[in-house]
Amino acid sequence: MSFLLGCGRWKLSKMPKADENGTVGCILVLRFCEVITAAVLAFAAKNTLHLVKSHPELQAPPYDKHVLLSQSLVYVGGMTTFVWMFVGFILILIWKGPIIFIYGLLDLGLGLVLSIGAGLQGNYLPATHATCKHAETWQVQDNHPSFFHLAATFGKGQDAKASCNQFVTVWILAVIVIVFQMITAYIGIFCDTREQSILNPYRPFAWFVIVIFGVPYWIASYSSPRIRFGYRFVKKVIRRIRGMEKLEFEEAPKYTPNYSNMRISAPNLQRILNIEHLLLPIAAGLHYDDLLNLSLTSKAIRESVFPDGDMIYRVQKLKAYTCNEDSRFKCLYCNKQVCSDCTVVRNLPSLPGAHHMTFCEAYCSKCYFKTIFPSVSRRGADKLGCRCLLANVSIQDQRMCHACNLKDWQELQAERSKRYVQQLRDRATGADLPEGTTLECAKCRGALKGGARWWMCSKCKGECVSKIHPAWTEKVKRRVKGKEKEEKSWLSVVRYY
Ligand SMILES: [Zn+2]
Ligand SMILES: [Zn+2]
Ligand SMILES: [Zn+2]
Ligand SMILES: [Zn+2]
Ligand SMILES: [Zn+2]
């Protein structure tokens, strides 16, 4: 009997240990309760079977073709059950143990015979006594009398209603006996007291609970994140179809020095500035902004400080020498190198773009899906989304260069926000990355290809659904002339007026 515990490595889960005396006790009580019903059924079924058997008209069309079979099955099932009540009662007291399983099978067999009989009877009988009021017209076809009317003419002094009641009584008794038989069969078959046995009495309960609650839960937990993901994906596709607003930036006209027209008003100063070894120590005591202002004094001075032919390298060197080394940063609004000593602090509303640039990270679809799985309902970060921005809409201290400080702050912020939008677009396509690197998923570090872009906030771990991020990218671009582009943006400041 060890095969009941599972085969090979596959073992069944443990159930509570059962008690054989409980099994035997339950079966005895059930048999005791059932015996009278079974007896009444057996003798009632005998009468109706006799009636049907002795009158072939009741078995012929237009009446149901299974009348005789159904009556026979119920009679045989009922009578055998009645006899089995006594035999089984005595046997279970003599032979217990695994043989109870055989008793259970026998009970199941009898229950099935009765079920088939009662099921076939259901085709031509009403289910309740109340319906017998219509016995005269029950299932009447053409001009034939009803089944019960005909049966009544063969019975002794009966009318159709009484005949109907007789048949229905047998059917109801059969159903009651079936219920008893099935419960007894269940207790008999699942009689193994061992915890891991497949026939442990508690196992069907566990399966029942799993099927009733577990399966719908599994379906819901499987499908709901997929539906959520699909819905959000469709939203991204819609945004892709709608396209993005075109951004336009004012380009500073390119400065080209006109050497033939250049007048040198202070030759001595010019000579000093032209020598890089002398210029750099001078720069070391200045702020970068001061150098820009110096270069604005004349075309010739500008050419000495920012020589057009050596612009990139000169700018690098000058930046390294100027400003306070420990507090160098770029002006938030014009991107020019500044330090804490050459800036002013202003109390202005925060720029949402700054938060997105600092904290929002691109996830691949797979990693994004994992963050919303496996839960039936939305929860945690997925439910709340990124909440940082709500907390971030506030007035804050912002450091800016003196030139920016002179401008109207609303215009300044509008322009900066537009640039943030562009920067975020570049980030989505990977255009802002250094040469030789590709855009990666922040979670799995896999290369991100074109397609839907999911943005997660690295600060609160919620999804950033702000429309400032592109929903979709066609192709991941690689930046080719990265450095040059950056220089260009602030070189426009070094214009000669
Ligand atoms: Zn400075
Ligand atoms: Zn500035
Ligand atoms: Zn964001
Ligand atoms: Zn956040
Ligand atoms: Zn990933």
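Visitor: Which helix does Lys383 lie in?
Guide: Lys383 sits in helix α14, residues 380-384. Keep in mind that this is a predicted model.

Visitor: Is Lys383 buried or exposed there?
Guide: Exposed, because Lys383 has 12 other C-beta atoms within 10 Å, and the cut-off for exposed is 12 or fewer.

Visitor: And how far is Lys383 from Val35?
Guide: In space they are 60 Å apart, going C-alpha to C-alpha. In sequence, 348 residues separate them.

Visitor: OK, on to the helices. Which residues of α4 are buried?
Guide: In α4, which runs over residues 147-154, the buried ones are Phe147, Phe148, Ala151 and Ala152.

Visitor: Where do those sit around the α4 axis?
Guide: They are on the same side of α4, because they cover an arc of only 130° around the axis.

Visitor: So what covers the buried residues of α4?
Guide: The cover includes α1 (20-54) and α5 (160-189).

Visitor: How do α1 and α5 pack against each other, in terms of angle and distance?
Guide: Their axes are 9 Å apart, at an angle of about 155°. That makes α1 roughly antiparallel to α5, since anything over 145 degrees counts as such. The crossing of α1 past α5 is left-handed.

Visitor: What kinds of residues make up the contact of α1 with α5?
Guide: There are 17 nonpolar residues, seven polar and two charged.

Visitor: What about α3 and α5, at what angle do they cross?
Guide: Roughly 155°, with the axes of α3 (residues 100-121) and α5 coming within 8 Å. So α3 is roughly antiparallel to α5. Here α3 passes α5 in a left-handed crossing.

Visitor: And how do the residues in the contact of α3 with α5 divide?
Guide: Into 16 nonpolar, eight polar and one charged.

Visitor: Where is Asn335, and is it buried, exposed or partly exposed?
Guide: Asn335 is in the loop between β1 (328-330) and β2 (337-339). With 17 other C-beta atoms within 10 Å, Asn335 is partly exposed.

Visitor: What about the phi of Arg445?
Guide: Arg445 is not a glycine, yet its phi is positive at about 65°. Arg445 is in the loop between α17 (409-429) and β6 (451-452).

Visitor: Why does Arg445 count as exposed?
Guide: Because Arg445 has 10 C-beta neighbours inside 10 Å, and 12 or fewer counts as exposed.

Technical notes: Residues are numbered from 1 along each chain as its sequence is written. Chains are lettered from A and ligands numbered from 1 in the order in which they are written. This is a predicted model: local features need pLDDT of at least 70, side-chain atom pairs count only at pLDDT 80 or more; totals for chains, interfaces and linings use all residues. A residue is buried if 20 or more other C-beta atoms lie within 10 Å of its own, exposed if 12 or fewer, and partly exposed in between; C-beta atoms are placed from the backbone. Helices (H or I, at least four residues) and strands (E, at least two) are DSSP runs, numbered from the N terminus. The arc is that of the directions from the helix axis to the C-beta atoms. Two residues are in contact if their C-beta atoms, placed from the backbone, lie within 7 Å. Axes are lines fitted to C-alpha atoms, for helices over the stretch in contact, and angles run from 0 to 180 degrees between N-to-C directions. Angles under 35 degrees count as roughly parallel, over 145 as roughly antiparallel, 65 to 115 as roughly perpendicular and the rest as oblique. A crossing is left-handed if the near helix is turned anticlockwise from the far one by less than a right angle, and right-handed if clockwise. Ala, Val, Leu, Ile, Met, Phe, Trp, Tyr, Cys and Pro count as nonpolar, Asp, Glu, Lys and Arg as charged, and the others, Gly among them, as polar.
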